[in-house]
Amino acid sequence: MEARGERFLKQRQVLFLFVFLGGSLAGSESRRYSVVEETERGFLIANIANDLGLGEGELAMRGAQVVSKGNKQHFQLNQQTGDLLLHEKLDREELCGPTEPCILHFQILLQNPLQFITNELEVIDVNDHSPVFFENEMQLKLLENTPPGTMIPLGNAEDLDVGRNSLQNYTITPNSHFHVLTRSRRDGRRYPQLVLDKALDREEQPELILTLTALDGGSPHRSGIAQIHILVLDINDNAPEFTQPLYEVQILENSPVNSVVVTVSASDLDTGNFGTVSYAFFHASEEIRKTFQLNPITGEIRLTKKLDFEHIKSYHAEVEAIDGGGLSGKGTVVIHVVDVNDNAPELTISSLTNSIPENAPETVVSIFRIRDKDSEDNGKMICSIPDNLPFLLKPTFKNFYTLVTESPLDRESQAEYNITITVTDLGTPRLKTQHNITVTVSDVNDNAPAFSQTTYTLRVRENNSPALHIGSVSATDADSGANALVTYSLLPPQDPQLALASLVSINADNGQLFALRSLDYEALQAFEFGVRAADRGSPPLSSQARVRVLVLDDNDNSPFVLYPPQNGSAPCTELVPRAAEAGYLVTKVVAVDGDSGQNAWLSYQLLRATEPGLFGVWAHNGEVRTARLLSERDAVKHRLVVLVKDNGEPPRSASVTLHVLLVDGFSQPYLPLPEVAAAEAQADPLTVYLVIALASVSSLFLFSVLVFVAVRLCRRSRAASAGRCPVPEGHLPGHLVDVSGTGTLSQSYQYDVCLTGVPRTGEFKFLKPVFPNLLVEDTEREIKENPNCRNSFVFN
């Protein structure tokens, strides 16, 4: 029957547990669960996913975790199934002490999105502790004349259990003279009082030994015993009495050791030894004896060790005053420990993100909790971070905070942040705790490469060697890693006729530019192209710059003589009348140079002459003039070699041979040069006849032209100045004498020059004198009909 009754009680407890659990979940905003203490590890407390209405695996997706007070982890959450399991055995007495009910607060933290769910776990007490007396043996001294009904306080027992399982009753055996009453103190603890039922007789029985039993209300009952040794004393009819029955004081928890807490005082109306009073703690606990010391003579209670408000907030002690006759009086001392601000705030990180991509919207960096073990203002806290950081602190739930970004971050402005979280309490003096968090900003490809210049101008001298390094372009990217690696490439040329791929190449890694082939200034003076710099981000970003290459001229072209022509089969002979004065313009050597600048500056000098001193060459314009008057003794034929030299370094030159024939007038027949005459003599007779006929016709035509020109010149001279007459026959026309000051022939002495269309050559297709107003139409027609003509040079 007894076993069946115990099983019925257990079933009632289990049924009560489930009814209580269901009621707490349904009727409270914070869900409450319960578990019996000493339950084995792994016990299923509840299914959090079902209680929250979440699907399977959703707790894992939202990063659920259990956050509880203190350093110990009492719970274990299975994120996949949602089961909340017991992580270790729970000892209600260790967790809550005498507090009832024993509630453990914990939170379910869901990180994505952020959500807190408050929960409570009630730890139900089991009867696992027996009542224990502080002293196993008690000694009492009673006067033999103690009247029946006298109540004598006894030392109490303590039971760590609570509720019905705590200490409920005291009994005493044998009980022929006494019985025991169970009383309750202000703090709820029960203590026994021994009541005398029958008068004592020292002569009949000088001492008594009783057994005091303390019983709890658990099932089954647990008990503790103590022995009471009662000595019957002779009559001492006055016991000491305290000046006040209750001493209640306050002491700061940081009070120094050996300081006086309180002084108790008692008096005895008896005299002699019966009136001498001494003090002692009455059945004090071990904690009180280690913390305080009572002076048996003065009644001073001194502090013997440091106090800790967070550990014990108050002390209750019984003080006994004993006279010389063995009588005693009891007093109560209550010592309240006053909190001081001796605990700095604590900060616990629940979630931390060390790296944040730049340009990201508001991002949660950390979730943390703060707490302070002190009370009142000493436990109130303020949480802050420096103002100059792009982060914000947001209070979320009770003492939970989230650290978030205030705005998108820019890695190029600052790649790393050291955030100091400061938690300060409101106590006096204020205590603070600091925690440092380092946040790095990861790079995003948001910066295109930037060239050091928008336009580059490079110079390279012509006739360079292939693969010559002609310069570099440079671009930098403010990003990092692959986003900052820059590659270079050439853009397609804007001019489709420019073969850029055969001219230059670029090193994709460092932007160095190379000329692929030898350049020719005369063919290409400058060219322009675009360069792209692209990073290796995803997607890649790029920028462009323009590069202009100027080809510098090198003195690689010798002067080319346009007149007299050098490619004719027969040399050109210049006619000079013997009546010419000094400075008479014989002819003009016309030359060009394919180079530019000072490489094309030409100078002329007479290298050789048949008769030195007769002719001279002007150095700057190439005009060949007579140096003195001619005489009859001067030879008819003269051969002059003129040197044309440029101003390059080193200089280049060319020479031309002039044949000059002195004549008495233009009516004198043309005398061929000896070399030509010998050649004609050796020619075929028919050819000779043809040549003679052609010469006759040509002479007639030339004479007609000269006459026409002479008439025109004479008319012009009359219009310009009166009294001037035409040149007499036998003298050279005026257009061979007039000299301009610019280094060219006179305005009536013209040369029509057309360059051939063959590329990369400086040869001239034809060069012939053209007289004013004669053959102009023929010349223009010849230029139009010849598609290879590039330029027409007219030397006036």
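Predicted model: local features only at pLDDT ≥ 70, side-chain atom pairs only at ≥ 80, totals over all residues.
Local features need pLDDT of at least 70 and side-chain atom pairs count only at pLDDT 80 or more, while totals for chains, interfaces and linings use all residues. Residues are numbered from 1 along each chain as its sequence is written, and side-chain values use heavy atoms, with hydrogens and water left out.

Strands are DSSP runs (E, at least two residues), numbered from the N terminus. Two strands pair if DSSP finds at least two bridges between them. An open sheet of 4 strands has the order 9-16-15-12. Its pairing is mixed. Strand 9 (137-143) and strand 12 (167-173) each have a single partner strand and stand at the edges, so one side of each lacks a neighbour in the sheet. On average, neighbouring strands of this sheet are turned by 25° against each other, direction ignored. The axes behind this angle are lines fitted to C-alpha atoms, with angles running from 0 to 180 degrees between N-to-C directions. Strand 9 pairs with strand 16 (residues 223-233) in the parallel sense, over 7 bridges. Here E137 has Q227 of strand 16 as its bridge partner.

Strand 49 (residues 623-626) has antiparallel partners. Strand 45 (residues 585-588) is joined to strand 49 by 3 bridges, and T587 stands opposite V624. Strand 48 (residues 615-617) is also joined to strand 49 by 3 bridges, running antiparallel. V617 has V624 as its bridge partner. The hairpin of strands 48 and 49 has 5 residues between the strands, and G622 takes a positive phi near 75°. E623 and R625 point one way from strand 49, V624 and T626 the other. All four are buried (under 20% relative accessible area; exposed is over 50%, partly exposed in between; 1.4 Å probe, protein chains only).

Rings of Phe, Tyr and Trp (its six-membered ring) pair if their centres lie within 6.5 Å; planes under 30 degrees apart count as stacked, over 60 as edge-to-face and the rest as tilted. The count comes to 12 aromatic pairs. F242 and Y247 are edge-to-face, 6.5 Å centre to centre with 75° between the planes. Both F242 and Y247 are buried. F292 and Y315 are also edge-to-face, at 5.0 Å and 85°. F292 lies in strand 22 (residues 292-294) and Y315 in strand 24 (residues 314-322), so this pair ties together parts 23 residues apart in sequence. F292 and Y315 are buried. F116, F397 and F400 form one aromatic cluster.

Lysines also meet rings. A charge sits over a ring if NZ of Lys or CZ of Arg is within 6 Å of the ring centre and within 35 degrees of the ring normal. K313 lies over the face of F309, 5.0 Å from the ring centre. The charged end of K330 sits over the ring of F282, 4.4 Å from its centre.
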